[in-house]
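Hello,

Here is the structure I promised to pass on to you. Please open it beside this message and follow along.

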Amino acid sequence: MEFKRLAAMLIVAAGVVAGCSAQAPAETASVPGGQPGGGEQVSDEGGVTVKVTWAGPDSGASFDVAMDTHSVDLDGLDLRDAILRNDRGDQLSAEPWTAPTGGHHRAGTLTFGGDVRSVLDRASWIEVVVRDVAGVPERVLRWQVGA
């Protein structure tokens, strides 16, 4: 009887792991120095993968953020402490992040308010800095903008 119960629990656990793994992203590394004009940057630390995609300068200060993990619940996470900064020291604060809950998988659009053109125009690079996700004080994701 004990063997049947153990076998049933293993089957259920395998199903949970397989279902969650099917949604997890492949591991990728950020490009040192960033990507010119937009693209995807990834931070994979503390058991949470944070993928940030920017369509480039024409999209302004709007970034798609997707987070995936197998270790923590992401539903309570708020990216309101994120900042957008450039090589000249200009920075913008994040607007409230509205993303549907999803437990181990969460995605939404992160936007920054203020004078967006002053941060993007004449910048060599921009960075999105995401703070305090899974015990990681700062995750810095960078894109090349100009020469």
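Predicted model: local features only at pLDDT ≥ 70, side-chain atom pairs only at ≥ 80, totals over all residues.

What Arg 139 does have is a polar contact of 3.1 Å between its side chain and that of Ser 43. Leaving out residues up to four places away in sequence, Arg 139 also touches a number of others, among them Asp 44, Val 48, Val 50 and Val 130.

Strand 9 has a partner in strand 8, residues 125-133, and the two pair in the antiparallel sense over 8 bridges. If you look along the pair, you will find Ile 126 opposite Trp 143.

**The core and Leu 84**

The largest nonpolar core has 29 residues. Those with the most contacts inside it are Phe 63, Met 67, Leu 84, Leu 110 and Phe 112. Strand 3 (48-54), strand 4 (62-69), helix 2 (116-120), strand 8 and strand 9 each give two or more residues to this core.

Setting aside its neighbours within four places in sequence, its contacts include Phe 63, Leu 92, Phe 112, Val 119 and Ile 126. Leu 84 stands opposite Leu 92 in strand 6. Strand 5 (residues 83-86) and strand 6 (residues 91-93) run antiparallel and are joined by 3 bridges. They too form a hairpin, with 4 residues between them, and here Gly 89 in the turn has a positive phi of about 95°.

Strand 5 also pairs with strand 8, in the antiparallel sense, over 4 bridges. In that pairing, Ile 83 stands opposite Val 129.

**A loop to finish**

Last, have a look at Gly 76, in the loop between strand 4 and strand 5. Is Gly 76 buried or exposed? Gly 76 counts as exposed because its relative accessible area is 76%, and the cut-off for exposed is over 50%. Gly 76 and Thr 101 are 25 residues apart in sequence, while their C-alpha atoms are 8.2 Å apart in space.

Happy exploring, and best wishes

How values were computed. Residues numbered from 1 in each chain as written. Heavy atoms only, no water. Polar contact = N/O pair within 3.5 Å; in protein donor to acceptor, adjacent residues only side chain to side chain. Contact = heavy atoms within 4.5 Å. Pairing = 2+ DSSP bridges. Core = buried A, V, L, I, M, F, W, Y, C linked by side-chain atoms within 4.5 Å. Buried < 20%, exposed > 50% of the residue type's maximum accessible area, 1.4 Å probe, protein only.
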